[in-house]
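Hi everyone, thanks for coming. Let's walk through a model together, one piece at a time. Please have a look at it first.

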Amino acid sequence: MTNGKEQPSWFERKENITRIYRGVWVICGLLALTDFLYHKHIVFKVEGFPAFYGLYGFIVCVGLVLGAKELRKVLKQDENYYDR
Amino acid sequence: MIADLPPGLILIIGALVIPFLKLRLRPYFMLALPVLSLIHLLLLPDGNQAQVDMFGHTLVFLRVDSLSFIFGLIFLIATTLNVIYGWHEPDPVQQVSSLIYAGAGVGAVFVGDLISLFIFWELTAIASVFLIWASRNERAFRAGMRYLVIQIGSGVILLAGVILHYQATGSIAFDNLGLVSFPTALIFIAFGIKCAFPLLHNWLQDAYPEATVVGTVVLSAFTTKLAIYALARGFPGTDILIVIGATMAAFPIFYAVIENDLRRVLAYSLNNQLGFMVVGIGIGTPMALNGTVAHAFCHILYKGLLFMSMGAVLYRTGTAKGSELGGLWKSMPWTASFCIVGAASISAFPLFSGFISKSLIIAAAADEGHWITWLVLLFASAGVFHHSGIKIPFFAFFAHDSGIRCKEAPRNMLIAMGIAAFLCIAIGVYPAALYAILPNQVGFEPYTTTHVITQLQLLMFSALAFSVLMRHGLYPPELKSTNIDSDWIYRRALPALLTWASGIITHLHLRTLMRAQVRLQRFITSVHRHHGPQGTLARTWPIGSMVLWIAIMLCVMLVFYYL
């Protein structure tokens with residue numbers, strides 16, 4: 001299957017993964033700063049908080065993944081659970 | 001006369017001809033059907049047309065208005081794409097059932113009365129189950145059976161509701177019914193089952209991933225969106241739908257994060273997307289309803305596209321499990337690109353279709369002051385990017401190299417995916433075309449600075465959360481597993497309960513039987529003692545015994561005489 005001589009591709013090289021990772025941080029930082037540059041049309045007061053959407057997105061996603069991990073402890077069964 | 005023909009019937013009648021055609025001709029013929037139907041639909045004038053008087057009722061087979069038109073339109077576009085996607089598939093079972101199913105879906109959208117709706121409602125169930133059974137294995141057969149029982153059950157509840165509703169009101173018209181009585185509640189539940197309401201949902205995640213490569217793509221388009229259409233027609237502005245929809249949007253995403261089968265992940269995210277649409281119906285303002293309809297339109301395209309890309313992976317590698325895939329972008333670069341377009345659309349990135357439809361619903365929720373719902377929908381938006389936008393393409397095409405080397409998807413699949421991807425971007429870039437055919441006249445501008453920046457923040461920070469969790473090894477790995485969902489109730493709990501109950505009943509039965517036997521034995525013994533060869537009563541001669549009995553009877557009579 002895997003060809004031993006094959007070079008690791010661009011996406012698999014460690015330095016590139018680090019680059020992508022840092023890139024995401026930079027983009028998020030810039031997007032957060034953008035909030036100070038325009039007039040935000042808001043309905044709820046909380047939206048006015050700087051980078052509210054970003055912070056909220058980050059927190060709920062971490063919560064989602066950690067919550068799902070806990071849920072897995074309760075829900076996870078063998079792959080053939082129903083076939084037995 | 002030709003103007004009276006419901007567009008769905010073209011597909012259904014045409015499908016019946018397919019098995020008699022030569023194998024080579026079939027795909028061309030199948031493609032011609034939805035295209036013809038589409039042209040026919042575009043030429044149809046507004047208003048009620050085909051009516052048939054039957055059993056003293058007026059059945060309306062064709063009602064063209066802005067709501068039915070747009071659903072009919074997207075159903076036919078989806079059918080066209082599905083035919084192209086399944087071009088290589090020679091199985092007549094799938095060819096016929098997919099078109100009858102699509103025809104039934106289109107048919108149901110255009111009916112104007114509840115009896116005709118019931119007929120098409122059941123036809124979608126019966127036709128579609130063959131797409132699951134066409135996998136031709138034990139698992140698929142069982143999943144199909146469960147699917148069929150639930151779908152037919154939904155139809156039976158619908159019928160019960162319709163009959164009671166007719167008795168109460170004397171009307172079978174399919175218009176705004178409102179959740180006002182027991183009969184309408186039954187109809188509401190019937191719609192809810194097909195719409196995968198929380199706890200009524202699991203037929204979807206159970207059955208769709210067991211269908212064939214083409215079958216899952218076909219299934220993803222019609223059943224649930226027909227239910228969305230039916231809810232939008234019958235129950236707009238029903239408050240409880242806001243709660244139901246918000247729950248639907250939020251809770252399947254937890255399952256999506258830990259699910260290994262990527263087609264099942266998509267089934268969970270399908271459920272989550274339906275949640276947004278249901279919230280829109282619940283809010284019921286013109287803008288919210290527009291949002292629901294627009295989102296259903298975009299959703300059918302990008303969800304179909306995502307299922308197509310995972311189907312292509314399954315077709316080439318034989319698996320759609322995240323734990324076994326990875327690094328496929330080298331082998332399937334086109335499929336990977338189209339998948340990413342689908343992922344960007346479902347995540348509602350600006351310039352992709354989901355953005356211009358989902359923001360209508362979220363904005364409507366905010367405008368009406370539903371702040372909890374609004375927060376839940378934002379959470380669901382971030383979550384959907386997380387599990388559908390990132391997880392699906394990441395684990396299939398990137399992540400670690402699984403070592404699988406395969407061919408790119410067949411050309412017909414690539415064409416279907418290409419068209420779907422093009423439409424996703426086209427709608428995202430030029431939303432005015434879609435907005436123009438929505439049921440209500442609403443001025444809404446999706447591309448404001450606030451919308452774009454806030455949405456980008458939400459998405460990029462979700463991506464950041466994913467990256468951070470991945471980097472620090474906190475992200476749950478893809479594991480071979482089955483996660484218990486509500487189907488556990490009828491696949492494990494109820495059977496176990498029945499086994500337990502039948503055990504107890506068997507035990508009681510045996511004990512009663514044994515006691516009866518012991519009693520009987522005792523009785524026989526006692527009879528034997530008195531009347532047997534050694535018994536007291538057997539010792540006398542029969543005449544002596546008779547005299548004794550006559551004497552006893554005379555005594556008894558004497559006693560009665562004096563009483």
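Let's start with how buried chain A is: of its 84 residues, 17% count as buried. Buried here has a clear cut-off: a residue is buried if 20 or more other C-beta atoms lie within 10 Å of its own, exposed if 12 or fewer, and partly exposed in between, with C-beta atoms placed from the backbone.

A quick word on the source: this is a predicted model, where local features need pLDDT of at least 70, side-chain atom pairs count only at pLDDT 80 or more, and totals for chains, interfaces and linings use all residues. Residues are numbered from 1 along each chain as its sequence is written, while chains are lettered from A and ligands numbered from 1 in the order in which they are written.

Back to chain A. It has 2 helices and 1 strand, in the order α-α-β along the sequence. Helices (H or I, at least four residues) and strands (E, at least two) are DSSP runs, numbered from the N terminus. The radius of gyration of chain A is 21 Å, well over the 12 Å that the globule rule gives for 84 residues, so chain A is more spread out than a compact globule. That radius is taken over C-alpha atoms, and the rule is 2.2 Å times the number of residues to the power 0.38. Along the principal axes, the C-alpha atoms of chain A fill a box of roughly 55 × 40 × 15 Å.

Now, how many residues of chain A are in contact with chain B? There are 42, and they meet 44 residues of chain B. In contact means that the C-beta atoms, placed from the backbone, lie within 7 Å. On the chain A side, α1 (14-34), α2 (52-75) and β1 (76-77) each give two or more residues, and the largest share, 17 residues, comes from α2(A). That side divides into 27 nonpolar, 8 polar and 7 charged residues. For this count, Ala, Val, Leu, Ile, Met, Phe, Trp, Tyr, Cys and Pro are nonpolar, Asp, Glu, Lys and Arg are charged, and the others, Gly among them, are polar.

The two chains also share strand pairing. β1(A) pairs with β5 (residues 482-483) of chain B in the antiparallel sense, over 2 bridges; strands count as paired if DSSP finds at least two bridges between them. Within that pairing, A:Gln77 has B:Thr482 as its bridge partner.

Next, chain B. Its domain assignment gives domain 1 (1-234), domain 2 (236-479) and domain 3 (490-562); such bounds come from an automatic or database assignment. The centres of domains 1 and 3 of chain B are 64 Å apart, taken over C-alpha atoms.

What about the core? The largest nonpolar core has 202 residues, and B:Leu305 and B:Leu377 have the most contacts inside it. Such a core is a set of buried Ala, Val, Leu, Ile, Met, Phe, Trp, Tyr and Cys residues joined through C-beta atoms within 7 Å. Helix α12 (residues 286-317) of chain B gives the largest share, 20 residues. Leaving aside neighbours within four places in sequence, B:Leu377 contacts residues including B:Phe276 and B:Ile362.

Last stop: B:Ser309, found in helix α12 of chain B. Is B:Ser309 buried or exposed? It is buried, because 33 other C-beta atoms lie within 10 Å. Not counting residues up to four places away in sequence, B:Ser309 touches B:Thr335, B:Phe338, B:Cys339, B:Gly342 and B:Met417.

How values were computed: Contact = placed C-beta atoms within 7 Å.
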